[in-house]
Amino acid sequence: MTLRTGRHFLQIPGPTNVPDQVLRAMAAPTIDHRGPEFAELGLRVLQRVKPVFGTTNPVVIYPASGTGAWEAALVNTLSPGDRVLCFETGHFATLWQEMARSLGLEVDFVPGDWRHGADPAELARRLEADTAHTLKAVCVVHNETSTGVTSRIAELRRALDESGHPALLLVDTISSLGSLDYRHDEWGVDVTVAGSQKGLMLPPGLSFNAVSDKALAAARTARLPKSFWDWAPVIDANRHGYFPYTPATNLLYGLAEALDMLDAEGLPTVYARHARHAAATRAAVRGWGLEVLCADEREHSGSLTAVLMPEGHDADKVRKVILERFDMSLGAGLGKLSGKVFRIGHLGHFNDLTLAGTLAGVQMGLELAGAPADPAGLGAALDVLRAP
């Protein structure tokens, strides 16, 4: 194995680089999760995580991946045979609807081209046609990690409101929470799904459901089987800072530190930083003469950029060259985008020089892989970063 010096550039769209101060917080000794010291930690974390979701309602934390939070959102609010509407915005939206089917739900899957977000006009048409209100939930991925496309949740909520349809709105924010502007309460989201390993700057292992009053009411009559994922015992134990199972104590230490960091920077500043780095990355891609996968200017992701390779050029070859020569990991194309795109993550604990180094590595890798890439791309990104 080749000896590497310096720090590996982990530029996939999650897991992201974990800040040193978060790693140090996680290295604290594990404490009694039934004792008063843990209760203090639990109460503090459960309260301070709410502003990141934009909610004053409960946020349920599980020791699980984001996939667990997907399942929790479904089984707590729905019953066998319920009909749900899902939008095909990419690989992860596809996986979520597959999970819904496997749980015994009836899924209407709105086809998509993986270059656009969920269409509010199409949602309005589907709701208008559902005069019997057989649709019980609408499932949307806010920021599709496989494509770098962000759906416009506020506009989707408006379509629900204007139709008068009672369907629940379930939103996956796994690669947007803590990176992109998000407003659970203001946008009328019923369940927000999230994970620890992206904008929250932690390792994988924690997942979240932010829950509206409407979702809590639905949970009282939902009949899908659940035990570990049941919100009720978690929320009950959380009132005193505890959990009904053994919690991931050291990840909660890290979460407390990460929340302190987000609070110190200020969420509006965090969102503006991500938007700026995304704009610089798109400037580089276009400067190279390549194409950003996202096809709608309103839906560009602040978390990641998916780069579409020209016909006849293998994105995985570019990624392989970059990893071997420059010790940098980029995200692969997933599902039907395999070999066609590579994904540059620019979220979490990240700054201008890290982005400049990332884009320099990508530009050199493109050249070494024989891909058509104008070297003016890096300069175009630096122009964005130099701007006041």
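In which sense do strand β8 and strand β9 pair, and over how many bridges? The views below come from a predicted model.

**View 1. Pairing of β8 with β9.** The answer is parallel: β8 (residues 168-172) and β9 (residues 191-195) are joined over three bridges. D172 has V193 in β9 as its bridge partner.

**View 2. The open sheet of seven strands.** The strand order is β2-β10-β9-β8-β5-β3-β4, with mixed pairing. β2 (59-62) and β4 (106-110) form the edges, each pairing on one side only. On average, neighbouring strands of this sheet are turned by 20° against each other, direction ignored.

View 3. Four bridges link β2 and β10 in the antiparallel sense. V59 sits opposite A210 in β10. In a regular strand, side chains alternate between the two faces of the sheet. Here V59 and I61 point one way from β2, while V60 and Y62 point the other way. All four of these residues are buried.

**View 4. Helix α4 across the sheet.** Residues 66-75 form α4, which lies across β2, β5 (135-141), β8, β9 and β10 (207-211). The helix runs at about 165° to β9.

**View 5. The enclosed strand β14.** Five of the five residues of β14 (residues 341-345) are buried, so the strand is largely enclosed by the rest of the structure. V341, R343 and G345 lie on one side, F342 and I344 on the other.

**View 6. Partners of β14.** β12 (residues 304-308) pairs with β14 in the antiparallel sense over five bridges. F342 in β14 is the bridge partner of V307. β13 (residues 328-332) also runs antiparallel to β14, joined by two bridges. G331 stands opposite R343 in β14.

Key
Residues are numbered from 1 along each chain as its sequence is written. This is a predicted model: local features need pLDDT of at least 70, side-chain atom pairs count only at pLDDT 80 or more; totals for chains, interfaces and linings use all residues. Side-chain values use heavy atoms; hydrogens and water are left out. Two strands pair if DSSP finds at least two bridges between them. Axes are lines fitted to C-alpha atoms, for helices over the stretch in contact, and angles run from 0 to 180 degrees between N-to-C directions. Contact means heavy atoms within 4.5 Å. Buried means under 20% relative accessible area, exposed over 50%, partly exposed in between (1.4 Å probe, protein chains only).
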